[in-house]
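Here is a short briefing to read alongside the model. Let's walk through some of its charged contacts, then turn to one of its sheets.

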Amino acid sequence: MGIHRLNHAVLYVSDLERSVGFYTDVLGFRRVPMTPDGFRGAAFLQAPDSANDHDLGLFEIGAGAGRSAAGRSTVGLYHLAWEVDTLDDLAATAQRLAAVGALVGTSDHGTTKSLYGQDPDGLEFEVVWLVPADRLDDAALAARTRIGRLDLDAERRRYGGQTRGGIGISVPAAS
């Protein structure tokens, strides 16, 4: 089986419109009109620069549903990770998440620079920028074995805020 990317994720949410608002207003997703006729309580969203049919399916299960306890008291998915093109994109996302109280952490994994967010139901996600293959050095590769503090300003000085991430790793290098 030759998997080459995650096409979409489907999440159960307690309040559909609240979740749609979060993913559209904070992360820039757009609603895709593909809910089957007569089907209520579902929405499909596409990320801003995605070529996928949709990236998120949201299914409402009602206000009585509790927040996600995955990893704390139940098994379940910890998080999904979405990749952004530039460190400037990552910094802007950090600001938007922080403004709504949804930024729950940041990490420097050497080859990846990561934000961790939480949606209104407590479902966690990661937003990540990958160091391009031609910029990987021994220090970045060695840092994969630890979780460091992310200093976005220092990373933008090091790599450039508009340097496209993931080239040669998750994005093909120009030939």
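Arg-164 and Asp-85 form a salt bridge, with their closest N and O atoms 3.5 Å apart. Arg-164 sits in the segment after α4 (152–159) and Asp-85 in the loop between β5 and α2 (87–99), so this pair ties together parts 79 residues apart in sequence. Please keep in mind that this is a predicted model.

**More on the salt bridges**
- The structure holds 10 salt bridges.
- Arg-164 is partly exposed at 42% relative accessibility, and Asp-85 is partly exposed at 29%.
- Another salt bridge joins the side chains of Glu-124 and Arg-72 (3.7 Å, N to O).
- That pair links distant parts of the chain, 52 residues apart: Glu-124 belongs to strand β8, and Arg-72 to the loop between β4 (56–60) and β5.
- Glu-124 is partly exposed, with a relative accessible area of 21%, whereas Arg-72 is exposed at 53%.

**Within helix α4**
- Asp-153 and Arg-156 form a salt bridge, their closest N and O atoms being 3.2 Å apart.
- Both residues lie in helix α4, three residues apart, or about one turn of the helix.
- Salt bridges with shared partners join Asp-88, Asp-153 and Arg-156 into one network.

**The sheet**
- Four strands make an open sheet in the order β5-β8-β7-β6, with mixed pairing.
- β5 (80–83) and β6 (103–108) are at the edges with a single partner strand each, so one side of each has no neighbour in the sheet.
- Strands β7 (residues 112–118) and β8 (residues 124–130) run antiparallel and are joined by seven bridges.
- Tyr-116 stands opposite Glu-126 in β8.

How values were computed. Residues numbered from 1 in each chain as written. Predicted model: local features only at pLDDT ≥ 70, side-chain atom pairs only at ≥ 80, totals over all residues. Heavy atoms only, no water. Pairing = 2+ DSSP bridges. Helix = DSSP H or I, 4+ residues; strand = E, 2+ residues; numbered from the N terminus. Salt bridge = Lys/Arg side-chain N within 4 Å of Asp/Glu carboxyl O. Buried < 20%, exposed > 50% of the residue type's maximum accessible area, 1.4 Å probe, protein only.
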